[in-house]
Amino acid sequence: MPQWVYTFGDGRAEGSAQDRNLLGGKGANLAEMCNLGLPVPPGMTITTEVCTWHYSNGHTYPPELNDQIEQALGSIGELAGRRFGDDKRPLLLSVRSGARASMPGMMDTVLNLGLNDQSVLALAEDAGDRRFAYDSYRRFIQMYGDVVMGLDNEVFEEILEDEKAACGHDLDTQMTADEWIGVIDRYKQVIGEELGRQFPQDPNEQLWGAVSAVFSSWMNARAITYRKLHDIPAEWGTAVNIQAMVFGNLGDSSATGVAFTRNPSTGENALYGEFLVNAQGEDVVAGIRTPQNITEDARIEAGSDRPSLEKLMPDAFAEFLDICQRLETHYLDMQDLEFTIERGKLWMLQTRSGKRTAKAALKIAVDMADAGLISREEAVRRIDPASLDQLLHPTIDPRVPRDIIGSGLPASPGAATGQIVFTSEDAVALNEAGEKAILVRVETSPEDIHGMHAAEGILTTRGGMTSHAAVVARGMGTPCVSGAGGLRVDMHTQTLLTMAGRLNKGDIITVDGSTGQVLKGAVAMLQPELSGDFGRIMEWADAARRMRVRTNADTPADARAARSFGAEGIGLCRTEHMFFEGDRIIAMREMILADNETGRRVALDKLLPMQRSDFTELFEIMQGTPVTIRLLDPPLHEFLPKTAEEIAEVAQSMAVPVEQLRERTEALHEFNPMLGHRGCRLAVSYPEIAEMQARAIFEAAIAAVRTAGAPVVPEIMIPLVGLMEELRFVKARIDAVAKDVMEEAKQPIDYLVGTMIELPRAAIRAHKIAEVAEFFSFGTNDLTQTTFGISRDDAAAFLTTYQQKGIIEKDPFVSLDIDGVGELVRIAAEKGRKARNDIKLGICGEHGGDPSSVHFCEQIGLDYVSCSPFRVPIARLAAAQAALQGKS
């Protein structure tokens, strides 16, 4: 009989940390903590396989599940000294999700399950505290009514605020038992009125409702969005963790909190976290009350006048500190912990590897390697390459004045400027319009995940450093200021009230997630310097990787930026981008309008010194590293004006008749220019263009050698080759120009001529093309377009739908389609090597900066990847991880 339920408690567990796929991260770690002898409330985990069964069998459950749950409930009750459904000593439960990958706040939780009109009386008598019992009951009704029954939480919040106001209270903790009874009555009344059914009193009905709600939440909108952002497969499913309740709201000797064994923002090796006295876990992360610091050092640094856990409950704090050290040593990673103290007794509710900023991840990895806890190779493996984007966020220039209109907690580092928006929908709309938004909320919730992803920065007026906004923003690398209590959000009028006055939707503000300051207007920013821990990780990564990392750079600024990020050459210089500036576009248009080759050569002679100057500067900046220059690729009509007004303006500036310009534009028009007269086809039709560019390259190489002294070996890339004969024709022209330039300069030039593989035919016939080509560079942007038969510019209209319906997992223009496009790359690489064993192989599409695509490039043995300048560090780290994976 299959085992669907695994129990844990009293120092024993049926699972362990190794069972993450089966028990989910939370369940596996609860089992592991039990096996370590730590104080964990007894419980059970319903496996992820039940989730898979549930969705594969019409939302039903395995027939053995009910009996296994009942048996586990009996075991839990024995350990807790209680019985589920008993009116005298009721066993109350928490029901939580737990996928194998951490998804904080994305799925549903129910606490205090098992309470009803009878058992609440027993809880009050047993605890000797009526207020606690009815507080717990109203929490349960509110949470169950929202999560399981589907009545919006705002309905309950409005009732609660009304009742507090009527009783003259500001805080939940001021409510009495009888006042809570009034709230409970209103809660049950509104459930009946709004849903047409009553709040369930049967604990078993409550339990199955909660279990079904957790499994259903695996497919809620926020969980789907989170999985998409973090590449978590839907088929993994979630486990359900059911535990005996322990109560942090059982008076002033009880508390609940969240902590990290190291600072998740900076990586500092110091306990970091917050807690609340007389509260339950959701109070800390929801920002309903402002939490207190766990350590005395943190309290002093924060300037708080409320006692730390270290001072308030020293025995529980000492035990907790010891457990933190044990868990970090055991897991060899920074841990994110949840705990409850019930009348002085410490209980551990969760441990997991903590989410952290890229800066913190680097410091933690380096510090642990320096301490001998992990190897340098493991330190390299620990860093998510994509997270390095966080380090590239700008910071506010310290020299500029700051118009501070509020301040809060520095929840996620970096600074961002944008328009104020008050809803996630508005943030998404601005992002889609190409505008920058700052999402301003009282507090965020998991439903805001899409808006948080779209926003440049996040500002909340409530919540602490472990609130939803703070944790999610840090994971995304989005600057965030939380708990800015001096600000007021008015959702009805869409305004933000500040110490400096009222700001409206659309007004510009800046948030500084490193200091917690909120500034009026836009301010000057500084780009970060990549050094320190980043430099050491990159040094270790470079020692581990095999593939080289180049950059796609068309301008001197791009090249300098890429060099500063560690680029080892240019893998793609798009020469067409150089023709759109100033006098160049005029000369280019003159060349296009020329009636014959003589006229074209006259115009090209004007472009020659401009191109030569461009290439010389690039060669000098790259200091002897490889530079691959792609000859003119786009169709000629792209350089001509489009509208009647533009045609008239250009005709006047060039002193040519309007009609002549219009006729030439119409003659060059193509129905499908992506597959038209472009790339090597231009060089075949107009070889003088390729000859001019080749001369500019060779003369620049000679000039750069004389200026910089470093050897220059230009790599000339001929685009859109599908036939060996095309490449042979163009290469012959390039070789002839090289011979002429070398004779004129009386200096030899080493150079390579190769091609972009961006057509399926080229990949299939790579063995023949390699007879002429000295290198292949896989242009995976166009290769993806031509393989799928879709336009990158138009595909967004339906690729998202394909992803939502499970037809594809990822956008093939973002992450390489390994099975299709990747197979063509593999075929071309193998055939190319057979024909020319020393052929150089690289990739220059945007996939060169995508970590999963880089892993594929390592697997098939490419020599280098090339990507945009700001993705060079990502590619360096991904290449190292791919090489290390290949060794393991």
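## Cores, sheets and helix contacts in a predicted model

Not counting residues up to four places away in sequence, Phe776 touches Thr755, Ile757, Ala766, Ile769, Ala770, Ala828, Gly832, Ile839, Lys840, Leu841 and Gly842; contact means heavy atoms within 4.5 Å. The model is a predicted one, in which local features need pLDDT of at least 70 and side-chain atom pairs count only at pLDDT 80 or more, while totals for chains, interfaces and linings use all residues. Residues are numbered from 1 along each chain as its sequence is written, and side-chain values use heavy atoms, with hydrogens and water left out.

**Nonpolar cores**

A nonpolar core is a set of buried Ala, Val, Leu, Ile, Met, Phe, Trp, Tyr and Cys residues joined through side-chain atoms within 4.5 Å. Buried means under 20% relative accessible area, exposed over 50%, and partly exposed in between, with a 1.4 Å probe and protein chains only. The largest core has 102 residues, and the members that touch the most others are Phe619, Phe698, Ile734, Phe776 and Phe778. Helix H26 (residues 687-708) supplies the largest share of this core, eleven residues. Helices (H or I, at least four residues) and strands (E, at least two) are DSSP runs, numbered from the N terminus. Another core, of 84 residues, lies apart from the largest one and includes Cys51, Leu73, Met103 and Met143.

**The six-stranded sheet**

An open sheet of six strands has the order E2-E1-E3-E6-E4-E5, with antiparallel pairing; two strands pair if DSSP finds at least two bridges between them. Its edge strands, E2 (12-13) and E5 (109-113), each pair on one side only. Two bridges link strand E1 (residues 5-9) to E2 in the antiparallel sense, and Phe8 has Ala13 in E2 as its bridge partner. Helix H3 (residues 65-80) packs on this sheet, touching E1, strand E3 (43-46), strand E4 (93-99) and strand E6 (238-244), and its direction makes about 160° with that of E3. Helix H8 (residues 203-217) lies across E3, E4, E5 and E6 and runs at about 145° to E6.

**Two helix pairs**

Axes are lines fitted to C-alpha atoms, for helices over the stretch in contact, and angles run from 0 to 180 degrees between N-to-C directions. The table gives the axis values for two pairs.

| Helix pair | Axes come within | Crossing angle |
|---|---|---|
| H4 (residues 119-127) and H5 (residues 130-147) | 7 Å | roughly 145° |
| H6 (residues 153-167) and H7 (residues 177-195) | 10 Å | roughly 150° |

H4 passes H5 in a right-handed crossing, and H6 passes H7 in a right-handed crossing. A crossing is left-handed if the near helix is turned anticlockwise from the far one by less than a right angle, and right-handed if clockwise.

On the H4 side, Val120, Leu121, Leu123, Ala124 and Ala127 meet Arg130, Phe132, Ala133, Tyr134, Ser136 and Tyr137 of H5. This contact has nine nonpolar, one polar and one charged residues. Ala, Val, Leu, Ile, Met, Phe, Trp, Tyr, Cys and Pro count as nonpolar, Asp, Glu, Lys and Arg as charged, and the others, Gly among them, as polar. In the second pair, Val155, Phe156, Ile159, Leu160, Asp162, Glu163 and Cys167 of H6 meet Glu179, Trp180, Val183, Arg186, Tyr187, Val190 and Ile191 of H7. The contact of H6 with H7 divides into ten nonpolar, no polar and four charged residues.

**The five-stranded sheet**

Five strands form an open antiparallel sheet in the order E9-E8-E7-E10-E11. Strand E9 (292-293) and strand E11 (345-353) are at the edges with a single partner strand each, so one side of each has no neighbour in the sheet. Strand E8 (residues 272-277) pairs with E9 in the antiparallel sense over two bridges, and Glu274 has Asn293 in E9 as its bridge partner. Arg343 lies in the loop between strand E10 (335-342) and E11. Its phi is near 50°, a positive value in a residue other than glycine. Arg343 counts as partly exposed because its relative accessibility is 44%.

**Strand E22 and its neighbours**

Four of the five residues of strand E22 (residues 508-512) are buried. E22 runs antiparallel to strand E15 (residues 415-421), joined by five bridges, with Gly418 opposite Ile509. Four bridges join E22 to strand E23 (residues 517-520), also antiparallel, and Thr510 has Leu519 in E23 as its bridge partner. The hairpin of E22 and E23 has four residues between the strands, and Gly516 in this hairpin takes a positive phi near 85°.
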